[in-house]
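Subject: Structure for you, with notes

Hello,

Here is the structure I promised to pass on. Please open it first, then read my notes below.

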Amino acid sequence: MAGNTKTLRVRIKSVNSTKQLTKAMGLVASSKIRRANEAMQKSREYRKSLSRVTELLTSDRECLKSPYMQKRDSGRTKIIIIAGDRGLAGGYNANVFRLAAQYGDSEFIPIGKRACERYGKDFISSEFYTFDQSSELAAMLCDEFARGEFDRLGIIYTSYKSVMSQEAEIMWLLPFEKSESPNSASAIFEPDNITVFNNIVKEYVSGMVTSLVRESFASEVAARRMAMDSAEKNATEMINELQLEYNRARQGAITQEITEIVAGSGN
């Protein structure tokens, strides 16, 4: 019986240590949420602005001649995949990789430590990803696409719905589709539409990558906070159950000792 109480004390201490760790990680995630959401909202506005400009240009007939609007079907696809730098974020990383598995024949370009580990690339942080990094990546990918080295460019990211809900999604960046928005005659581009379009594509891809990295990071932080809150709650319930079991075991041990003492005094 004494051995049982000792084992229970060790388990209670271990679970309590885990609870303190999850509580600390939850607090760290909570402290990052506001800043991550602010960055995400700003990047969403930037993304909308870029999309409005490209929609105007891709509705123009001249822009249909651009290499960035040419559809090919050789089966070569490149996908940028954004995952987290760390785990313990519930299903955040798993959902990203599950979606990526549907495009298993593609060449993946990872952002985030977990993605880099999975696809054998050098570590690139998703939390500290910079616009300069996205500009360099966009320039390389746009040049390769224009040369016909691959057919489609997509990006797998995690869309932030709310603190409680995040969803892995894919967005296709290249080639552009002809827009059905109002004709570009409603705006004047200098020197001409197709020249502006060809020059803005790299800016567009770079802006999209940066924006979706920001959104994915906000999703990761929210997912981690929810996971740590859940873990802390489960640890509390486990400690209560173990404490109750310990009290019963301790009471049983005391009862046994009293019985043995009484029996011994009777002899």
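In which loop is Asp 85 found? Asp 85 sits in the loop between β1 and α2 (92-100). One caution before going further: this is a predicted model.

**Asp 85**

Is Asp 85 buried or exposed? Asp 85 is buried, yet has no salt bridge. A salt bridge here needs a side-chain nitrogen of Lys or Arg within 4 Å of a carboxyl oxygen of Asp or Glu. The nearest side chain of opposite charge is that of Arg 86, 4.8 Å away. So Arg 86, at 4.8 Å, does not form a salt bridge with Asp 85.

Asp 85 does have polar partners. Its side chain makes a polar contact with the side chain of Ser 125, at 2.7 Å. A polar atom of the Asp 85 side chain also lies 3.3 Å from the backbone nitrogen of Glu 127. Leaving out residues up to four places away in sequence, Asp 85 touches several others, among them Lys 113, Arg 114, Phe 123 and Glu 220.

**The cores**

Now the nonpolar side. The largest nonpolar core has 33 residues. Within this core, Ile 80, Leu 174, Phe 197 and Val 205 touch the most other members. Which of them gives the most? That is α5, with 10 residues. In soluble globular proteins, nonpolar side chains tend to be buried together.

Take Ile 80 as an example. Residues up to four places away in sequence aside, Ile 80 touches Ile 109, Ile 111, Leu 137, Leu 141, Leu 153, Gly 154, Ile 155, Ile 156 and Val 209. There is also a second, separate core of 11 residues, including Ala 83, Phe 108, Ala 115 and Ala 168.

**The β3–β4 hairpin**

β3 and β4 form a hairpin, with 5 residues between them. The two strands run antiparallel and are joined by 8 bridges. Gly 154, one of the residues that Ile 80 touches, stands opposite Trp 172 in β4.

**Asp 105**

Last, another aspartate. Asp 105 lies in the loop between α2 and β2. Why does Asp 105 count as exposed? Its relative accessibility is 80%, and the cut-off for exposed is over 50%. The C-alpha atoms of Asp 105 and Gly 75 are separated by 8.6 Å, with the two residues 30 apart along the chain.

Best wishes

Terms used: Residues are numbered from 1 along each chain as its sequence is written. This is a predicted model: local features need pLDDT of at least 70, side-chain atom pairs count only at pLDDT 80 or more; totals for chains, interfaces and linings use all residues. Side-chain values use heavy atoms; hydrogens and water are left out. A nonpolar core is a set of buried Ala, Val, Leu, Ile, Met, Phe, Trp, Tyr and Cys residues joined through side-chain atoms within 4.5 Å. Buried means under 20% relative accessible area, exposed over 50%, partly exposed in between (1.4 Å probe, protein chains only). Helices (H or I, at least four residues) and strands (E, at least two) are DSSP runs, numbered from the N terminus. Contact means heavy atoms within 4.5 Å. Two strands pair if DSSP finds at least two bridges between them. Lys and Arg count as positive and Asp and Glu as negative; His and the chain ends are not counted. A polar contact is a pair of N or O atoms within 3.5 Å; within protein, one must be able to donate a hydrogen and the other to accept it, and residues adjacent in sequence count only if both atoms are side-chain atoms.
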